[in-house]
Amino acid sequence: MRSPLGRARGLGSAREGVESWWLERVMAVALVPLTLWFAASLIALGGSDYTTFIAWLKTPLAALLMVLLLIALFSHLALGLQVVIEDYVHSGAKIPVLMAAHFACFALAIAGILATVRIVLGD
Amino acid sequence: MSKSSARPLSPHLQIYRPQLTSVLSFAHRLTGVALGIYAVALVAWLTAAAAGSQPYSIVQNFMQSLLGQVLLVGGIFCFFLHLCGGIRHLLWDTGRGFELRAIYASGWIVVAASTVLTVAAWIGSSILAR
């Protein structure tokens, strides 16, 4: 997304970052339908029992969209948290806090996907 | 690179009048972070469901408690505010909507739409529950 000259000379005050900017927006666009699907599904399921919920999540479409939601959500969150942390943490704590935020988002995404897979393959 | 010098800072939060622009900008950030916490809850919920009907019902009971319902409505509002604000951001990214009138119009639309959508979601879920 940048010109070869821009990349070679490191143009811009931060010298790099357009890939993060772009990925955040791509994930944001993906999250619009995914989160609306999730919200609508929750409303439609509204307080239904365990068996109904499991049966719903086991359908191929729900399983796929749930995994996609988790991936898009935690990518978007990781990038957003990075910006917030970079704005407020300037001491030596910045690097460890940034790493912790990225690790946490990655681990949570994997945990959510594993739980979904266990439900889909279970019973 | 230490930023903790003893030099005085110009006041900011104490003196600047809140405006729709600055308030919505902060709200977008705050709701983003809040939704991050709700994302942790989402993973906890899925993990509980994967663990069986007993853990799942513990989570469900909490969601039906007063605290759970308050957190749920709060989360729904955070979600719609961040969603509508995010769409406003994406519109800006195309280069549109930077005139001052448009900024204020889109800002109020975000506030109104978020409120209406939250109420609609709440009514919808109350009607469809049980």
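**Exercise 1. Find what percentage of the 130 residues in chain B is buried.**

Solution. Start with the cut-off: a residue is buried if 20 or more other C-beta atoms, placed from the backbone, lie within 10 Å of its own. By that count, buried residues make up 19% of the 130 residues in chain B. For chain A, the share is 20% of 123 residues.

A word on the ground rules. This is a predicted model, where local features need pLDDT of at least 70 and side-chain atom pairs count only at pLDDT 80 or more, while totals for chains, interfaces and linings use all residues. Residues are numbered from 1 along each chain as its sequence is written, and chains are lettered from A in the order in which they are written.

**Exercise 2. Describe the elements and the dimensions of chain B.**

Solution. First, the elements: helices are DSSP runs of H or I with at least four residues, strands are runs of E with at least two, and both are numbered from the N terminus. Chain B has four helices and zero strands. Next, its C-alpha trace spans about 55 × 40 × 30 Å along the principal axes.

**Exercise 3. Work out which elements of chain A touch chain B, and what kinds of residue they bring.**

Solution. Contact here asks for C-beta atoms, placed from the backbone, within 7 Å. On that basis, 26 residues of chain A are in contact with 27 residues of chain B. The elements of chain A that give two or more residues to this side are H2 (18-45), H3 (50-58), H4 (60-88) and H5 (94-121). Now sort the residues of that side: 17 are nonpolar, seven polar and two charged. Here Ala, Val, Leu, Ile, Met, Phe, Trp, Tyr, Cys and Pro count as nonpolar, Asp, Glu, Lys and Arg as charged, and the others, Gly among them, as polar.

**Exercise 4. Characterise how H4(A) passes H1(B).**

Solution. The axes of H4(A) and H1(B), residues 20-51, come within 10 Å and cross at roughly 135°. Axes are lines fitted to C-alpha atoms, for helices over the stretch in contact, with angles from 0 to 180 degrees between N-to-C directions. That makes H4(A) oblique to H1(B), since angles under 35 degrees count as roughly parallel, over 145 as roughly antiparallel, 65 to 115 as roughly perpendicular and the rest as oblique. Among the residues that meet are A:Leu77 and A:Gly80 in H4(A), and B:Gly32 and B:Gly36 in H1(B).

Note on methods. Two residues are in contact if their C-beta atoms, placed from the backbone, lie within 7 Å. A crossing is left-handed if the near helix is turned anticlockwise from the far one by less than a right angle, and right-handed if clockwise. A residue is buried if 20 or more other C-beta atoms lie within 10 Å of its own, exposed if 12 or fewer, and partly exposed in between; C-beta atoms are placed from the backbone.
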